[in-house]
Amino acid sequence: MVQRRGLDANTPNVARIYDYWLGGKDNFAADRVTAEKLSGIVPEARAAARANREFLRRAVRFLAKAGIRQFIDLGTGLPTQANVHEVAHQIVPGARVVYVDYDPVVVIHGQALLQSDDATAIVEADVREPEKILEHHELRALIDLDEPVAVLMVGILHFITEADDPYGIVARFREAMAPGSYLAICHVTADPRPQAEAQVTEIYRQTTAPLVPRSRDQVLRFFDGFDLVEPGLVYAPQWRPDRLVRPAEPVTSFVFAGVGRTPGRP
Ligand code: SAM
């Protein structure tokens, strides 16, 4: 049973913790205290959040340059620098973007940002209910599922527990995607420091969503049915970097990133 979230400043919220790490202002004391607790255990947490966000920007640029004209961004997060439609529009003005998040605060902020943009929409929905998202009238108004689409699952699948069948969720989106579509994933892992996992996940248990770090093999499984584009599934800073990456940076980003393509169209 999927529960709807309310506006609650006292429960640490995963979107606002991330906003804090990215230097945003849309967070409360409870979020900041939790973020600092997490940074106490994993000092690279802020850098990891940034590596995730930088991957999102590079992936959207890559996809727009690959000819993608429509994007579904699942788990949008609070608006910050280089939002998906802004990055996409630099390359493809008029590219259509549907944002999806289950957090009403994220949706309100998104609506304010998108007010005057006809090519974008934000839908309040839960990724654990793919059917509702795929059939949503606002999504259908902008996205033609008979044409290639990019589905972005950046920083979201690690909030989906096994009980909610994350592999089944990804498979449902894959089935709905036309040949030549793309899936981008960025996912937290504990592979670099397994001894920190229990403490970190215990803290996330007190937040709006539990954290489920996954191994590289487990993340790779999300790409079943897709052909991974170069360089495959790697630590986020290693995915088509557009700047010099320091030697220690990849592994301490704690996030695996990859982009896959549905086969079938040249
Ligand atoms: N995708 C953005 C990025 O990578 O910069 C934001 C990632 S933020 C860490 C995760 C977002 O996923 C939050 O805004 C949270 O509300 C959303 N989220 C978590 N679980 C979700 C679910 N089951 N359905 C929809 N959104 C969800």
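1. A word on terms before we start: a helix axis here is a line fitted to the C-alpha atoms over the stretch in contact, and angles between axes run from 0 to 180 degrees, taken between N-to-C directions. Please keep in mind, too, that this is a predicted model.

2. With that in hand, let's look at two helices, H1 and H3. Their axes lie 9 Å apart, and the helices pack at an angle of about 95°. Angles of 65 to 115 degrees count as roughly perpendicular, so H1 is roughly perpendicular to H3. On the H1 side, the contact is made by Tyr18, Tyr20 and Trp21. H3 brings Ala45, Arg46, Ala49, Arg50, Asn52 and Arg53 to the contact. By residue class, the contact of H1 with H3 divides into five nonpolar, three charged and one polar.

3. Now for the ligand. It is surrounded by 21 residues, and the closest are Tyr18, Arg53, Gly75, Asp101 and Val154. Eleven residues of this shell are nonpolar, while five are polar and five are charged.

4. A few polar atom pairs are worth a look on your screen. Asp101 has a polar side-chain atom 2.6 Å from an oxygen atom of the ligand. For Asn52, a polar side-chain atom lies 2.8 Å from a ligand oxygen atom. Tyr102 takes part through its backbone: a polar backbone atom there is 3.4 Å from a nitrogen atom of the ligand.

5. How much of the ligand's accessible area does the protein cover? The ligand has 600 Å² on its own, and the protein covers 98% of that. Helix H1 (14-21) and helix H3 (45-65) are the elements that give two or more residues to the shell. H3 gives the most, with three residues.

6. Two backbone details, in case you are stepping through the loops. Where does Pro231 sit? Pro231 is in the loop between strand E6 (227-228) and strand E7 (234-235). The peptide bond that joins Glu230 and Pro231 is cis, with omega about 5°.

7. The other detail is at Asp165, in the loop between strand E4 (150-154) and helix H8 (166-176). Phi of Asp165 is near 55°, which is a positive value in a residue other than glycine.

Technical notes:
Residues are numbered from 1 along each chain as its sequence is written. This is a predicted model: local features need pLDDT of at least 70, side-chain atom pairs count only at pLDDT 80 or more; totals for chains, interfaces and linings use all residues. Side-chain values use heavy atoms; hydrogens and water are left out. A residue is near a molecule or strand if one of its heavy atoms lies within 4 Å of it. A polar contact is a pair of N or O atoms within 3.5 Å; within protein, one must be able to donate a hydrogen and the other to accept it, and residues adjacent in sequence count only if both atoms are side-chain atoms. Accessible areas come from the Shrake-Rupley method with a 1.4 Å probe; for residues, only the protein chains shown count as cover. Helices (H or I, at least four residues) and strands (E, at least two) are DSSP runs, numbered from the N terminus. Ala, Val, Leu, Ile, Met, Phe, Trp, Tyr, Cys and Pro count as nonpolar, Asp, Glu, Lys and Arg as charged, and the others, Gly among them, as polar. Angles under 35 degrees count as roughly parallel, over 145 as roughly antiparallel, 65 to 115 as roughly perpendicular and the rest as oblique. Contact means heavy atoms within 4.5 Å.
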